[in-house]
Amino acid sequence: TFWRQHKQDAAIAVGRLLGLLLLPLIPRIGILMLIVVYSGRVLQRRQGISFSQVWFRGTMAEDSAHYAVFCAYNLLQPLSIITLLPVVLHSGLAITLFLKTALQETGQPAFIRYAVQFVAGKQQQILQLTCNFELASLASAIFRLITTMLSPSAALGFFAVAYFHLLRFNSKRNGMYRALWIQIGNALDAAVQHRYCPTFLRTVYRSVQARLAVLAVSTGR
């Protein structure tokens, strides 16, 4: 049967759901649960662990590995809706897509199937919204870094979320995030080329842009 053939997928879906249900009640436990689930999903896709550079690079290319990092970032920071929403949307969509397949195979009650198919039909919009909140989480980390005067916890959280964003930028499974950053980059390029833009700002922007390009390439290898 479908459930016997997809026991691991079903267990992961249940784990995701449990993590989401725990978030409003015991947030830290909910996040830890999701870290375990995302890690389990990575191991399932990678078929175990291998202590090699090739295995690590392949592992960090997985979307689930990205979100394990992002959940770890949430553990390092004061919890907020902005940083939790990407996790909720990503996990919720994954549960919905699994249920869509399960209901199609098992022929469960029509009203459940139609509700799941409706949400699944909004997949692109949900992914775009997730990208927007991922970007907002980076802005939140930068804001906290500034307002805490570069405190160690804020700096650690910033580096964790920055690493997450580099991983998302190099993701081959979801091109929306890269497209969003390209649009932002084009807008910033136009702004720094404006005649009223101070020269030092243009210089700083070009320096940061070059450094990020190097980091993105090295992370994507």
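This is a guided tour of one predicted model, stop by stop.

**Before you start**

Number residues from 1 along each chain as its sequence is written.

**Stop 1: the whole chain**

Show the C-alpha trace. Along its principal axes it spans about 65 × 40 × 35 Å. Switch to cartoon. The chain has 11 helices and 0 strands. Helices here are DSSP runs of H or I with at least four residues, strands are runs of E with at least two, and both are numbered from the N terminus.

Colour by burial next. Of the 221 residues, 36% count as buried. Buried means under 20% relative accessible area, exposed means over 50%, and partly exposed lies in between, with a 1.4 Å probe and protein chains only. Now turn to contacts, meaning heavy atoms within 4.5 Å. Among contacts between residues at least 6 apart in sequence, 62% join residues at least 24 apart.

**Stop 2: α6 against α8**

Select residues 81-106 for helix α6 and residues 123-147 for helix α8. Two packed helices are described by the angle between their axes and the distance between the axes. The axes of α6 and α8 come within 7 Å and cross at roughly 155°. Axes are lines fitted to C-alpha atoms, for helices over the stretch in contact, and angles run from 0 to 180 degrees between N-to-C directions.

α6 and α8 are therefore roughly antiparallel. Angles over 145 degrees count as roughly antiparallel, under 35 as roughly parallel, 65 to 115 as roughly perpendicular, and the rest as oblique. The crossing of α6 and α8 is left-handed. That term applies if the near helix is turned anticlockwise from the far one by less than a right angle; clockwise makes it right-handed.

Show side chains at the contact. On α6, pick Ile82, Thr83, Leu85, Pro86, Leu89, His90, Leu93 and Leu97. They meet a set on α8 that includes Ile126, Leu129, Phe133, Ala136 and Ser140. The residues of this contact divide into 11 nonpolar, 6 polar and 1 charged. Ala, Val, Leu, Ile, Met, Phe, Trp, Tyr, Cys and Pro count as nonpolar, Asp, Glu, Lys and Arg as charged, and the others, Gly among them, as polar.

**Stop 3: α8 against α10**

The axes of α8 and α10 are 9 Å apart, at an angle of about 55°. The two helices are therefore oblique to each other. Their crossing is right-handed. From α8, the contact residues include Leu127, Cys131, Leu135 and Leu138. From α10 come Met176, Tyr177, Leu180, Trp181 and Ile184. The contact divides into 9 nonpolar, 3 polar and 1 charged.

Stay on α10. Its buried residues are Met176, Tyr177, Leu180, Gly185 and Val192. Try the distance tool on its end C-alpha atoms. The expected span is 1.5 Å times one less than the number of residues.

**Stop 4: Leu138**

Zoom in on Leu138, in helix α8. Leu138 is buried, at 12% relative accessible area. Leaving aside neighbours within four places in sequence, Leu138 contacts Phe158, Val161, His165 and Trp181.

**Stop 5: the loop between α8 and α9**

Select Met149 and find it in the loop between α8 and α9. Is Met149 buried or exposed? Met149 is exposed, with a relative accessible area of 70%. Its phi is near 60°, a positive value in a residue other than glycine.

Leu150 lies in the loop between α8 and α9. Leu150 is exposed, at 62%. Phi of Leu150 is near 60°, again positive in a residue other than glycine.

**Stop 6**

Select residues 152-169, helix α9. Its 18 residues reach 26 Å from first C-alpha to last, close to the 26 Å expected. Buried residues of α9 include Ala154, Gly157, Val161, Phe164 and His165.

Finish on Gln77, in the loop between α5 (63-76) and α6. Gln77 is buried, with a relative accessible area of 6%. Which residues does Gln77 contact, leaving aside its neighbours within four places in sequence? They are Arg28, Arg144, Ser153, Ala154 and Gly157.

Definitions and conventions: Predicted model: local features only at pLDDT ≥ 70, side-chain atom pairs only at ≥ 80, totals over all residues. Heavy atoms only, no water.
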